[in-house]
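Trainee: I have a model open and want to learn how to read it. Can we go through it feature by feature?

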Amino acid sequence: MTVNKYQHHVLVLPEDDANRQIATGFILNSNVKEHAIQVLPIADGWGKLLDNFKDNHVSEMRRFPKRMMVLLIDFDRQGERLSYVKSQIPEDLQDRVFILGVLSEPEDLKRIKKKFESIGTGKLEQIGETLANDCSDNTNELWGHDLLKHNKTELDRMILSVKPFLFN
């Protein structure tokens, strides 16, 4: 689905296919207005994602002030990755760019069992749908998991900015 670039919208730039699957599941959630969000092709690595963002999206974001972006990366348990990626975002766009991701790798979320039996195992799209439910319902069930809780500040900031036009 293509978004209307003149209306409020979110583009999601995923690092890899696992992140793309999570983002796709997020959009499949019935609470998400699918015309307001679009998942872009994978970047094939967090470094390439940054290059892609700077080379292809910075100028477009300046051209379309209602555009917001989510950079969906693996943190690979590298604590400094978030601050490094943030440092690469131009100051005038920082309030419209959000950096989210799994503390390690998205595949590790597939191993979540007990509390999240409804997700099943091996279903990254279902994980994305569950994350969307958390956002629309103002809950922190899955977002509060050890592999995702480091996203809290970015997620809170993003929800304040996008919830009014992204969720039914």
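Trainee: In which sense do S1 and S3 pair, and over how many bridges?

Mentor: Two strands count as paired if DSSP finds at least two bridges between them. S1 and S3 pair in the parallel sense, over six bridges. Leu13 stands opposite Leu71 in S3. Before we go on, note that this is a predicted model: local features need pLDDT of at least 70, side-chain atom pairs count only at pLDDT 80 or more, and totals for chains, interfaces and linings use all residues. Residues are numbered from 1 along each chain as its sequence is written, and side-chain values use heavy atoms, with hydrogens and water left out.

Trainee: Which residue stands opposite Ile99 in S4?

Mentor: Leu71 does. Its strand, S3 (residues 67-72), pairs with S4 in the parallel sense over four bridges. On another side of the pairing list, S1 joins strand S2 (residues 37-39) through three bridges, and these two run parallel. There, Val12 stands opposite Val39 in S2.

Trainee: What is the order of elements from the N terminus on?

Mentor: Helices (H or I, at least four residues) and strands (E, at least two) are DSSP runs, numbered from the N terminus. Here the order is β-α-β-α-β-α-β-α-α. That gives five helices and four strands. The radius of gyration, taken over C-alpha atoms, is 15 Å, close to the 15 Å from the globule rule for 168 residues, so the chain is as compact as a globular protein of that length. The rule is 2.2 Å times the number of residues to the power 0.38.

Trainee: Why is S1 called largely enclosed?

Mentor: Start with the cut-offs: buried means under 20% relative accessible area, exposed over 50%, partly exposed in between (1.4 Å probe, protein chains only). Six of the six residues of S1 (residues 9-14) are buried, so the rest of the structure largely encloses this strand.

Trainee: Which residues cover the two faces of S1?

Mentor: In a regular strand the side chains alternate between the two faces of the sheet. In S1, His9, Leu11 and Leu13 lie on one side and Val10, Val12 and Pro14 on the other, all buried. S4 (residues 97-100) also has both faces covered, with Val97 and Ile99 on one side and Phe98 and Leu100 on the other, all buried.

Trainee: Is Asn168 buried or exposed?

Mentor: Asn168 is exposed, at 63% relative accessibility. This residue lies in the segment after helix H5 (152-166). Contact means heavy atoms within 4.5 Å. Not counting residues up to four places away in sequence, Asn168 touches Ser30, Asn31, Val32 and Lys33.
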